[in-house]
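User: I would like to learn how to read charged pairs and helices in a protein model. Could you take me through some cases?

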Amino acid sequence: TEKAMKTLGQVEVSLQQEDPRALRAAGAVSSALLYNRAFLLARSPDNQRQRLAMGELENYLRHSGSALAWWQLAYQRYSGLCKYSGATPKTEAALLSQTEVRFRPVAALEIDRTQIALGESLMEAKKQLGAVSASNPLVRGTNLVLLEYPDRGIKLMGTDEVLAIVLSGDQAPALPIREMGLGAKSAELRVGMTSAELDQQLGESGYDFRQLVDPELNYRFYSDLGIAVLTKDGKVIELVIGQVPKRKVGI
């Protein structure tokens, strides 16, 4: 335990010595440090260390979203420590209300002066996009299909309604994103951008790894944006607008 704590401390010192502009994922690493240090402290029978663990866990829960696979585990440990020490744990809602959300969620794709939106009729979306190049079933025994429009760089996943909008290939349009608040800055994500450019655009936005159809493909899922990103060899190869279900930790 002591060796692990020392190692975490060394990583934290290294982060503080780096130029923040060169380490766009520093926030995610700091969050992981909080989580792991808290769990190490919580294992100690010493009451002072357990109180420190409570503080670290509360800090982690405030600065990370519930979409992360580890959030619920952290809350369970935090709640247990509070009850053991006689303190009243803050509710999940209270902790989440203090989580900073930087970007407005994305639920539609603007194209040809119109838009394709999640939840709209798949038939209406097909009318807007024109003739489909391919229509493939995704899950046997269901009506979930993938409609492909390679000349537009767009794919639609859906049943009777649009469940996800996939951007891939050279023809894929850019995906605008906008920060929260009046007069907030806008930016865009695009297929082909580097992972470094992605991190620069999204800053410290937290993400979890999720799978869509293929269990071997891990997408970064940014829950505040509602966007999943697939990277390969340091470049973005797919952008997906949609809500990706949580996976169970350890599976």
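Analyst: Start with a charged pair. Side chains of opposite charge can pair when their charged atoms come close. In this predicted model, the side chains of E58 and K90 meet in a salt bridge, with 3.1 Å from N to O. The pair links distant parts of the chain: E58 is in helix α3, while K90 is in the loop between α4 (71-85) and α5 (92-96), 32 residues apart.

User: Is E58 buried or exposed, and what about K90?

Analyst: The cut-off for buried is under 20% relative accessible area. E58 has 16% relative accessibility, so E58 counts as buried. K90 has a relative accessible area of 31% and is partly exposed.

User: How many salt bridges does the structure hold?

Analyst: The structure holds 8 salt bridges. One of them is between E56 and R37, whose closest N and O atoms are 2.9 Å apart. Because E56 lies in helix α3 and R37 in helix α2 (residues 26-42), this pair ties together parts that are 19 residues apart in sequence. E56 counts as buried at 18% relative accessibility, and R37 is buried too, with a relative accessible area of 12%.

User: What is the accessibility of the partners in the salt bridge of R190 with E197?

Analyst: In that salt bridge, the closest N and O atoms of R190 and E197 are 3.6 Å apart. R190 is partly exposed at a relative accessible area of 34%, and E197 counts as partly exposed at 30%. Salt bridges can also share partners: in this way E58, R62 and K90 are joined into one network.

User: Now the helix. How many residues does α3 have, and what span does it reach?

Analyst: Helix α3 covers residues 47-62, which is 16 residues. From its first C-alpha to its last, α3 reaches 23 Å, close to the 22 Å expected at 1.5 Å a residue.

User: Which residues of α3 are buried?

Analyst: First the general idea. An α-helix has 3.6 residues a turn, so residues three or four places apart point the same way. In α3, the buried residues are Q50, A53, M54, E56, L57, E58, Y60 and L61. That list includes E56 and E58, the partners of R37 and K90 in the salt bridges above.

User: What is found at the start of α3?

Analyst: There, a side-chain oxygen of D46 reaches to within 3.2 Å of the backbone nitrogen of Q48.

Methods:
Residues numbered from 1 in each chain as written. Predicted model: local features only at pLDDT ≥ 70, side-chain atom pairs only at ≥ 80, totals over all residues. Heavy atoms only, no water. Helix = DSSP H or I, 4+ residues; strand = E, 2+ residues; numbered from the N terminus. Expected span 1.5 Å × (residues − 1). Buried < 20%, exposed > 50% of the residue type's maximum accessible area, 1.4 Å probe, protein only. Polar contact = N/O pair within 3.5 Å; in protein donor to acceptor, adjacent residues only side chain to side chain. Salt bridge = Lys/Arg side-chain N within 4 Å of Asp/Glu carboxyl O.
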